[in-house]
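Please look over the sequence and the fold below before reading on. The paragraphs that follow lead from the overall layout to single residues.

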Amino acid sequence: ALVHACNWLAGTFAVSRVLALTASANVTSRRLLDRASFAHENDAVMKFQGHEHEVSRYCWHAPGNHSGA
């Protein structure tokens, strides 16, 4: 479903990439993003609702658009 949604976004709205953030400890979400061809970009500590959390940043690139633009 995630892959379908990303492809729909790319085709309908000319979106070239989709950003995803998840808790670094959320292994299930990280595996889902890996299976959906999201590339892991980095891990960082971010403030959310007043608390710091370790998060992982992923990015999906539309087919034929791997320039990072």
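A residue is called buried when its relative accessible area is under 20%, exposed when that area is over 50%, and partly exposed in between, with a 1.4 Å probe and protein chains only. By this scale Ser-37, at 55% relative accessibility, counts as exposed, and 25% of the 69 residues of the protein count as buried.

This is a predicted model, in which local features need pLDDT of at least 70 and side-chain atom pairs count only at pLDDT 80 or more, while totals for chains, interfaces and linings use all residues. Residues are numbered from 1 along each chain as its sequence is written, and side-chain values use heavy atoms, with hydrogens and water left out. On the scale of pLDDT, the predictor's confidence in each residue from 0 to 100, the protein has a mean of 92, and 93% of its residues reach 70 or more.

The secondary structure comes to two helices and three strands, where helices (H or I, at least four residues) and strands (E, at least two) are DSSP runs numbered from the N terminus. From that terminus on, the elements run α-β-α-β-β, and the C-alpha trace spans about 35 × 25 × 20 Å along its principal axes. Taking contact to mean heavy atoms within 4.5 Å, residues 24 or more positions apart account for 52% of the contacts with a separation of 6 or more.

Helix 1 covers residues 2-13, and its end C-alpha atoms are 16 Å apart, in agreement with the 16 Å that its 12 residues should span at 1.5 Å a residue; the expected span is 1.5 Å times one less than the number of residues. A search of the whole structure finds one aromatic pair. Trp-8 and Phe-13 form this pair, which is edge-to-face, with 5.4 Å from centre to centre and 80° between the planes. For such pairs, the rings of Phe, Tyr and Trp (its six-membered ring) must have centres within 6.5 Å, and planes under 30 degrees apart count as stacked, over 60 as edge-to-face and the rest as tilted. Trp-8 is partly exposed at 46% relative accessibility, whereas Phe-13 is exposed, with a relative accessible area of 52%.

Just after helix 1, Ala-14 takes a positive phi of about 55°, although this residue is not a glycine. Most residues other than glycine have a negative phi. Ala-14 lies in the loop between helix 1 and strand 1 and is exposed, with a relative accessible area of 67%. Ser-37, in the loop between helix 2 and strand 2, likewise is not a glycine and has a positive phi, of about 65°.

Strand 3 (residues 51-61) pairs with strand 1 over seven bridges and is joined to strand 2 by nine bridges. Arg-57 of strand 3 is the bridge partner of Leu-21 and also that of Asn-42. Strand 2 and strand 3 form a hairpin with two residues between them, and Gln-49 in the turn has a positive phi of about 50°. Lys-47 stands opposite Glu-52 of strand 3.

In a regular strand the side chains alternate between the two faces of the sheet. Strand 1 (residues 17-23) has a covered face made of Val-18, Ala-20 and Thr-22, and an uncovered one with Arg-17, Leu-19, Leu-21 and Ala-23.

In the loop between strand 1 and helix 2 lies Ser-24, which is buried, with a relative accessible area of 11%. Leaving aside neighbours within four places in sequence, Ser-24 is in contact with Arg-30, Asp-43, Glu-54, Val-55 and Ser-56.

Technical notes
Pairing = 2+ DSSP bridges.
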